[in-house]
Amino acid sequence: MENEQSYQVINESPRSKKLTWLIHHFQREWRLYIMLAPTLIWFILFLYKPMYGLQIAFKDYSVFKGITDSPWIGLEHFYTLFENDQFIRAIKNTVIISGASLLFGFPVPIILALMFNEIINPKFKKTAQTIVYLPHFISAVIIAGIVITAFAPSTGVVNLLLNALGYDSVYFLTKPEWFRTIFVGTGIWQEAGFNSIVFLASIAGVNPSLYESAVVDGASRWQMMWKITLPCIMPTILIMLIIRIGNILEVGFEMIIMLYQPATYATSDVISTFIYRQGLQAAQYDLAAAAGLFNAVIAFVLVIAANTISKKVSRTSLW
Amino acid sequence: MYRLHTAIASAVIANCLLASPAAFASDDNLVSNKPLELDIHFHQKKFVYNNDWLVEKEAAKLTNLSLNNVASMATTNSEEAFNLMIASGNLPDIVGGEMLKENVNRYGPEGAFVPLNDLIAEHAPHIKALFDERPNVYNSIKAHDGNVYYIPYIPDGKYGRAYFIRYDWLNKLGLETPQNVDELYQVLTAFRNNDPNGNGKKDEVPFFTRHWEELIRLVTLWDGRSSGSDKYHDFYVEDGILAHGYVGDNYREGIKNLAKWYEEGLIDAEVFTRGSRSREYLLANDLGGMTHDWFASTSGYNDALADKMPDFLFKAFAPPASPSGKRVEEHRRSQVKNSGWAISYSNENVVETIKYFDFWFSEEGRRLANFGVEGVHYDMIDGKPIFKDTVLNSDTPVTSQMWAIGAQVQRGFQQDYANEEQWSNKFALDGIALYDQGDYLLEPFLGVSMNTEEKGVYDKHWITIRDYMLEMQQAWILGARDIDEDWDTYQDQLKRMGYPKVIKAMQSAYDRAYK
């Protein structure tokens, strides 16, 4: 019996050999595939299936007619967008605001993580960490409320401070020139602590023997941080940077909607708020889809570019 | 109990005597001889249609038609709920709730909803009588193809917002109620400088508002316009010609003056960001002097703050006259809302449904929709429904009590102002009487339904133009820019952005509906 089987296997074509291998493989590894399934299903349902709907960017979409039956209109929505000065301005603002958050916001969690790492007293370390994590868990609505109150012209903390120093009150939230600073600053304050966790974890993974030998060689704390910790967590930093660059066009729009005013549109109106006003409030889903698609294509190009550069420069990459 | 018996009895008899429906002419309310249950998608922000509402149960008894809600409470956004439902392609018999008009008038002509014109003429005498009496309401709800696709909620009562001022501050400073815009300027300046709250600090906020758009509405004091409907920044109509307030010369004059007022501290420095609780905060802390807000809720502060500030008197005063001598109150309640209900294409009992809709416009149905159930929530006294004391004296506001039983819900019905009158406080009623005397209201703009071509033009240009208008508006008021310097470029820019095209599209839609 056994001989017969092996005989058959030998005579099988390469294709069915592959099939047998597959069956065998699944029989052995099915547990892993079951573990993989939820993620796969999630990806298909929530990321790949909605891509079918992207076609409404090229259609005159009617909710009742449905995606398939709405008529094609080509690139008209894209023409409409690019003829609109406000859309061009929104792109510009998005790039500036994200660029600023990247430039000023990206290093802060790394610095924080390095600083936490230097704290010796464990109790103090825990307390300090909890305090900087906390803002992350507060909802955007409340953060916006805090910002509005703090920057209020009559009773806001910031203006009271300015008054005490002999300056006049400034109505910050209606001044286009102040919007970016306030928004980026708020973002850093809210997220820096939480984002430092990943770097802290990475620091914890650095081989302790490196530090031990450095101590033997008489290195200072500063030298150890500079020569051991930073180079060791560099791959993590680069991966995080690539991910951040991919999200560069995604500015958290809830926060902007709560903080902006027509008076500050000049600097505060970003692509997502523009989509919100034009597309969702005015029920132009097709136009909103076109703007969203444009957004996604740019983000895609940016990720590829960042990844390629990183691969060339440091041999660290996402794929 | 008696009512229940008659309802059951009539239903039974109805089943026996199918052959002669004429015999039941007296029982107008019955829409079907057999009990009928229809599915309804009804979503109104924080609630959906509830099969257990007392009002719904009573209506089912009277009409023999009961509704079964299928709308989900998963979202509080009625438009989103509507879109989800219509995208599924699975429409229940009746679709209703808020934000209905634009949607039914868009998808009705595409075949999603049943045109109601003929049905109303044949089967809905009460609705027809109302439309005949108020043709503008009828014209305003028509879709661009001339058909009517929904039965609207028709609010009652004319007045919404009014000018309110601290009469106790006026008395304290020995000032008269301002009769024109110059006197108003002097009064507000006095509020600012003469310490009417007597705490020795210059912390008074002469003019404040919960919604910064109400500040813009002050341009009516210089004969400008800010909106023609109860929506902000809407178009307005005058003698059949549509226009937008933010392009007129009087608007320029108004904004120029408001910028001056803002600079002099007569307007709340935080007017754009203080938000919805500003009225409560500024009144309770004895800081606010004047506002433009709703009659009922604003008058309520006289009762709410009576213990804390015995002298507090915040009353409505007549709109101050503009330099040309006109007194105008631009805000008024809408005569017809974009909420209501419609019959979807899948409904197999169209005639019964329209009869059911008509029931709510009959005397009995209207009373049910406004006051709840007789004997439970109101009694008939001298032929008029009067709320019971238990309803009026409860800790829960009357409106909330009514919503809880399914009355005053925005189904297609005609509101009866008599219900609100019974629970409004005396300051509100006095104020309304004052405004009634003066006849300050303007011609309302009830909206238009655009056809595909007009809508294309409107969608492409309008939001962009509106955003530009608001951006400049705030910059002018805050003093970041100067309106006199900007005015010509502003007008050019509006033209370049397509304002004339939008106005043309709106006008052609308006002419089609109302002329």
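**Contacts between chains and domains**

Guide: A word first: this is a predicted model. Across the interface of chain A and chain B, 17 residue pairs are in polar contact, with both residues of a pair at pLDDT 80 or more.

Visitor: By class, how many nonpolar, polar and charged residues has the side of chain A that touches chain B?

Guide: Four helices of chain A, α4 (76–83), α5 (85–105), α14 (265–268) and α15 (271–281), each supply at least two residues of the side that touches chain B. Sorted by class, that side of chain A has 15 nonpolar, 11 polar and five charged residues.

Visitor: Which residue of chain B meets the side chain of A:Glu83 in a salt bridge?

Guide: Between chain A and chain B the count is four salt bridges. In a salt bridge with an N to O distance of 3.6 Å, the side chain of A:Glu83 meets that of B:Lys460.

Visitor: Which three residues supply 25% of the area that chain A buries against chain B?

Guide: In the contact between the two chains, 31 residues of chain A touch 31 residues of chain B. Chain A and chain B bury about 2,600 Å² between them, and 50% of that area is on carbon and sulfur atoms. Of the area that chain A buries against chain B, 25% comes from three residues, more than from any other three: A:Val63, A:Phe64 and A:Tyr171.

Visitor: How far apart are the centres of domain 1 and domain 2 of chain A?

Guide: Chain A is divided into domain 1, residues 15–74, and domain 2, residues 75–314. Taken over C-alpha atoms, the centres of domain 1 and domain 2 of chain A are separated by 32 Å.

Visitor: How many salt bridges does the rule find across the interface of domain 1 and domain 2 of chain A?

Guide: Domain 1 and domain 2 of chain A bury about 790 Å² between them, 72% of it on carbon and sulfur atoms. The side of domain 1 of chain A that touches domain 2 has seven nonpolar, one polar and two charged residues. Four residue pairs are in polar contact between these domains of chain A, both residues at pLDDT 80 or more. For salt bridges across this interface of chain A, the count is zero.

Visitor: What percentage of residues 91–306 of chain A is helix?

Guide: UniProt, in an unreviewed entry, lists residues 91–306 of chain A as "domain: ABC transmembrane type-1". The end C-alpha atoms of this span of chain A lie 20 Å apart.

Definitions and conventions: Residues are numbered from 1 along each chain as its sequence is written. Chains are lettered from A and ligands numbered from 1 in the order in which they are written. This is a predicted model: local features need pLDDT of at least 70, side-chain atom pairs count only at pLDDT 80 or more; totals for chains, interfaces and linings use all residues. Side-chain values use heavy atoms; hydrogens and water are left out. UniProt positions are given in the numbering used here, feature names are shortened, and annotations may be inferred rather than shown by experiment. Contact means heavy atoms within 4.5 Å. Buried area is the accessible area (1.4 Å probe) that two parts lose on being put together, summed over both. A polar contact is a pair of N or O atoms within 3.5 Å; within protein, one must be able to donate a hydrogen and the other to accept it, and residues adjacent in sequence count only if both atoms are side-chain atoms. Ala, Val, Leu, Ile, Met, Phe, Trp, Tyr, Cys and Pro count as nonpolar, Asp, Glu, Lys and Arg as charged, and the others, Gly among them, as polar. Domain bounds come from an automatic or database domain assignment.
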